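Dear colleague,

Please find below the structure that I am handing over to you, with its sequence. My findings follow directly after it.

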Amino acid sequence: MALITLTTDYGTLDYRVAAIKGSIYSQLPDAQIVDITHDIQAYNLLQASYIIKSAYKYFPEGSVHILGIDCFHHEARKNILAKVDGHFFICADNGLLSLIFHDIQPEYIYKITLTPPFGKEINFTPTDIFAPVAAHLAKGGLPQVVGNKIKNIKENKIPRAVFNETEGILVGEIIYIDNFGNAVSNISKKFFEEKLVGYEGFDIKFRSFILGKIGNSYTSIITNWDNEEDQHGNASAIFNEHDLIEITIYKGSINNGAHSLLGLSVGDRVFVEYQKKREAKS
């Protein structure tokens, strides 16, 4: 039986997460349910896409992922299920799927046509629609039983880093702040290295700060582990586990990290200013 994961913007104070789980268990008592997070900021699709994209790949293929973000029921908006990269995703057609998989083509997408039994109204989409569909898929059910195949869904554009050839500057922006206050940019290692070819070096600039190198881990700035505590609070840039440039404070926190100490927030610009071009060898 496939795992079912939950990602929502409901928090854990209210009844909603428990209601979703109860709805799943009532239809599939042996269900295995895993919480990814319920702390997505309300309706924040960009934040949700980064977290889901980062997490889903660690689950077994065939896992069913309920994405309860910005999904309150409305007759004008359809709900969809998609199979992407060997996993099932159930969500509202609000553009979230396109943000998660801007670089992967879905195997198929279905508009969910399942309705509550006996004329019951849809009061809460995750309990009345998403949970039954997830239980159906987790049992090995076919998607065509609960929906109709479609090709087009709502598309949202993820912010892209760009390169100014004339000035030799790569321009990106912060797309995510994590629980340690680390600021993740949309500048990929691949894009950075492609544009570095032919230049002597680079500076990373944001707000009034300049960093001259990029590490490959949170501990890459440590040169002497006997004095490791002296490095607490130092700022650095790294390529994170997703090969994106991330601005970090060593052993920082949400209230004492790059977000707060360096004043970085989602949407802030990050510049990679490449130094003069190397002279061609004769």
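I begin with Asn94, which sits in the loop joining strand E5 (87–92) to helix H3 (96–100). Helices (H or I, at least four residues) and strands (E, at least two) are DSSP runs, numbered from the N terminus. The model is a predicted one, in which local features need pLDDT of at least 70 and side-chain atom pairs count only at pLDDT 80 or more, while totals for chains, interfaces and linings use all residues. Residues are numbered from 1 along each chain as its sequence is written, and side-chain values use heavy atoms, with hydrogens and water left out.

Asn94 counts as buried because its relative accessibility is 3%; buried means under 20% relative accessible area, exposed over 50%, and partly exposed in between (1.4 Å probe, protein chains only). Not counting residues up to four places away in sequence, Asn94 touches Leu45, Ile69, Asp70, Arg77, Lys154 and Asn156, where contact means heavy atoms within 4.5 Å. Its C-alpha atom is separated by 28 Å from that of Val270, 176 residues apart along the chain.

Leaving aside neighbours within four places in sequence, the residues in contact with Asn186 are Pro159, Arg160, Ala161, Gly172, Glu173, Ile175 and Leu244.

Turning to the helices, the axes of H1 (residues 16–27) and H4 (residues 125–138) come within 9 Å and cross at roughly 45°. Axes here are lines fitted to C-alpha atoms, for helices over the stretch in contact, and angles run from 0 to 180 degrees between N-to-C directions. The contact brings Ala19, Ile20, Ser23, Ile24 and Gln27 of H1 against Pro126, Thr127, Ala131, Pro132 and Ala135 of H4. Seven of these residues are nonpolar, three are polar and none is charged, where Ala, Val, Leu, Ile, Met, Phe, Trp, Tyr, Cys and Pro count as nonpolar, Asp, Glu, Lys and Arg as charged, and the others, Gly among them, as polar.

For the protein overall, the secondary structure comes to six helices and 16 strands. The C-alpha trace spans about 75 × 45 × 30 Å along its principal axes. Of the 282 residues, 49% count as buried.

Yours sincerely
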